[in-house]
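Welcome! Please take a moment to look over the sequence and the 3D structure before reading on. The notes below walk through a few of its features, topic by topic.

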Amino acid sequence: MLARSMTGGCTDLVNFSFFSKDRPLPPRVRELLDRALNEPAEPVDEQVVSVVAADLGATLGCVQAEAMELARREARHLPRVEDGEAFELAEKVQQWLMDTFIDTTWPACPDHPNHPLWLSDDKPPMWTCSRSGREFCQLGQLATVVSPTPEELAAKHERLAKEEAQLRAFLQRRRLQGGQGQA
Ligand SMILES: [Zn+2]
């Protein structure tokens with residue numbers, strides 16, 4: 001069982017006895033943990049990362065380095081595609097923000113704030129309203145069309161920071177326990 005966990009991701013480790021006194025992990029934390037523990041085989045395309053990071057920075061109140069790191073983490077585990085990596089990465093980030101409840105309508109439509117924009121599969125992909133069909137901007141250009149208030153940005157960034165702190169604490173605990181647990 002332990003041997004399998006070396007190659008099969010973290011699921012077995014999470015279920016392993018030294019975690020049993022902790023409350024059960026939400027599935028998305030397991031997924032994040034799994035990603036964090038399995039280092040990438042492929043380098044990421046920094047150009048693609050920076051495009052998606054720009055949109056994260058414009059909407060979540062994070063500074064560029066933080067947005068880059070978040071986007072890079074998601075990018076590390078994308079399957080390699082010839083073209084359209086930015087599209088894939090943005091969709092992955094959208095899913096992550098929804099799963100973690102950091103922002104369930106990311107990125108919010110400027111015309112209808114209760115629903116997220118979707119990305120067209122044009123080249124380049126366009127952030128588009130699903131209701132009116134209006135194309136707002138290219139992926140990476142959200143800063144030109146959204147204008148969140150400082151309070152909105154601060155609230156989102158706080159949720160984001162809490163999520164990240166939870167993940168870091170868990171990884172730290174796992175490293176400590178993993179060190180003791182090695183035979
Ligand atoms: Zn809309």
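A residue counts as buried if 20 or more other C-beta atoms lie within 10 Å of its own, as exposed if 12 or fewer do, and as partly exposed in between. What you see here is a predicted model.

**The nonpolar core**

- The largest nonpolar core is made of 29 residues, and Val52, Leu56, Ala71, Ala86, Leu89 and Ala90 have the most contacts inside it.
- Helix H4 (46-60), helix H5 (64-75) and helix H6 (85-99) are the elements that give two or more residues to this core.
- With 8 residues, H4 gives the most to this core.

**How H4 meets H6**

- Two packed helices are described by the angle between their axes and the distance between the axes.
- For H4 and H6, the packing angle is about 40° and the axes are 9 Å apart.
- H4 and H6 are therefore oblique to each other, since angles under 35 degrees count as roughly parallel and 65 to 115 as roughly perpendicular.
- H4 passes H6 in a right-handed crossing.
- On the H4 side, the contact is made by Val48, Val51, Val52 and Leu56, while H6 brings Glu85, Ala86, Leu89, Ala90 and Val93.

**The sheet**

- Strands of a sheet pair through backbone hydrogen bonds, either parallel or antiparallel.
- Here, 3 strands form an open sheet in the order S1-S2-S3, with antiparallel pairing.
- Strand S1 (118-119) and S3 are the edge strands, each pairing on one side only.
- Strand S2 (residues 126-128) and strand S3 (residues 135-138) are joined over 3 bridges in the antiparallel sense, and methionine 126 stands opposite glutamine 138 in S3.
- S2 and S3 form a hairpin with 6 residues between them, and glycine 133 in the turn has a positive phi of about 80°.

**A closer look at cysteine 137**

- You can find cysteine 137 in strand S3.
- Leaving aside neighbours within four places in sequence, cysteine 137 is in contact with Met126, Trp127, Leu142, Thr144 and Val145.
- Cysteine 137 and proline 124 are 13 residues apart in sequence, and their C-alpha atoms are 9.7 Å apart in space.

Definitions and conventions: Residues numbered from 1 in each chain as written. Predicted model: local features only at pLDDT ≥ 70, side-chain atom pairs only at ≥ 80, totals over all residues. Core = buried A, V, L, I, M, F, W, Y, C linked by C-beta atoms within 7 Å. Helix = DSSP H or I, 4+ residues; strand = E, 2+ residues; numbered from the N terminus. Pairing = 2+ DSSP bridges. Axes fitted to C-alpha atoms, helices over the stretch in contact; angles between N-to-C directions. Parallel < 35°, antiparallel > 145°, perpendicular 65-115°, else oblique. Left-handed = near helix turned anticlockwise from the far one by under 90°. Contact = placed C-beta atoms within 7 Å.
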